[in-house]
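Visitor: I would like to learn how to read a structure like this one. Please show it to me first.

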Amino acid sequence: MAKKTDSIYAAPLQEMVDFQFDERVAAVFPDMIQRSVPGYGMIIANIGIVAARYAQPKSRCYDLGCSLGAATLSMRQRITQPECDIVAVDNSPAMVERCREILARDTVPTVPVTLVCADIQDVAIENASVVVLNFTLQFIPPAERLALIRRIYTGLRPGGILILSEKIAFQDEGRQEFHVELHHDFKRANGYSDLEISQKRSALENVMIPEPLSCHHERLKAAGFSFSEVWFQCFNFASLVAIK
């Protein structure tokens, strides 16, 4: 299936509405994410490698906010532990429907996948050895984030991991400007115009709320995790691993 080009914000908008994962976004999401998130392909590839190391026999691996299932597929193609299964969850019907089609075309059927259309805050986390939040927590209201991380911690087996990828903010104004400008240059290099960059940023302003890395480490510790480490960062995008 040919990848469609993201041009959602290419023309001036008469009215700015909040970004949402609707059918328009689902149709161009692979192009949008690759051109918008520095290092996205590397993060996805290594989620499978990390998950393969920490997945435990007879356990569940969760992809919370799975979108089109990239992290799910990465885990599925790497995990070799017996009797593991993956639960992939997203609250966008458009994303889930396209994800279902993509998973059906996958030629690696060794790890069963259950695809669920639901709010990740309503899904029980049970008998988990790996949980992935890949650019998902940033869309949860900040006041509700600790409760979600605590639920994940409770649902993990000892030795289980949370892989948490996020756009990050910087408390120092100079560092924030440095990373934002380089991110915008990255998007320009990938063909986005200044209009597209500006309009998408406005659409995301009230929907996606990044936090400093220190907030993530403090929250993970408060939830009970004994270890958290940044394993990847490119500009203002990072991925962490936390171990129970």
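Visitor: Which residues does Q199 touch, not counting residues up to four places away in sequence?

Guide: Contact means heavy atoms within 4.5 Å. With residues up to four places away in sequence not counted, Q199 touches Y9, A11, P12, L13 and M16. Q199 is found in helix α7; helices (H or I, at least four residues) and strands (E, at least two) are DSSP runs, numbered from the N terminus. Residues are numbered from 1 along each chain as its sequence is written. The model is predicted, so local features need pLDDT of at least 70 and side-chain atom pairs count only at pLDDT 80 or more, while totals for chains, interfaces and linings use all residues, and side-chain values use heavy atoms, with hydrogens and water left out.

Visitor: Is Q199 buried or exposed?

Guide: Buried means under 20% relative accessible area, exposed over 50%, and partly exposed in between (1.4 Å probe, protein chains only). Q199 has a relative accessible area of 8%, so Q199 is buried.

Visitor: What is the order of the strands in the sheet?

Guide: Two strands pair if DSSP finds at least two bridges between them. Here 7 strands form an open sheet with mixed pairing, in the order β3-β2-β1-β4-β5-β7-β6. The edges are β3 (113-117) and β6 (227-234); each has a single partner strand, so one side of each is left without a neighbour in the sheet.

Visitor: How many bridges join β4 to β5?

Guide: Strands β4 (residues 128-134) and β5 (residues 156-167) run parallel and are joined by 6 bridges. N134 stands opposite S165 in β5.

Visitor: Which residues touch the most other members of the largest nonpolar core?

Guide: A nonpolar core is a set of buried Ala, Val, Leu, Ile, Met, Phe, Trp, Tyr and Cys residues joined through side-chain atoms within 4.5 Å. The largest one has 42 residues, of which I47, M75, I79, V130 and I163 touch the most other members. Helix α1 gives the largest share of this core, 7 residues. I79 touches A51, A52, A55, C61, C84 and V111, not counting residues up to four places away in sequence. Apart from this core lies another, of 27 residues, among them L64, L137, I140 and I168.

Visitor: How many aromatic pairs are there?

Guide: A pair of aromatic rings is described by the distance of the centres and the angle of the planes. Rings of Phe, Tyr and Trp (its six-membered ring) pair if their centres lie within 6.5 Å; planes under 30 degrees apart count as stacked, over 60 as edge-to-face and the rest as tilted. The count comes to 7 aromatic pairs. Y40 and F135 form a tilted pair, 6.4 Å centre to centre with 40 degrees between the planes. Y40 lies in helix α2 and F135 in the loop between β4 and α5 (145-155), so the pair ties together parts that are 95 residues apart in sequence. Y40 is buried, with a relative accessible area of 8%, and F135 is buried, at 9%.

Visitor: Why is the pair of Y153 and F225 edge-to-face?

Guide: Their ring centres are 5.0 Å apart and their planes stand at 80 degrees, so the pair is edge-to-face.

Visitor: Which residue lies over the face of Y153?

Guide: A charge sits over a ring if NZ of Lys or CZ of Arg is within 6 Å of the ring centre and within 35 degrees of the ring normal. K244 lies over the face of Y153, at 4.6 Å from the ring centre. The charged end of R35 sits over the ring of Y192, 3.8 Å from its centre.
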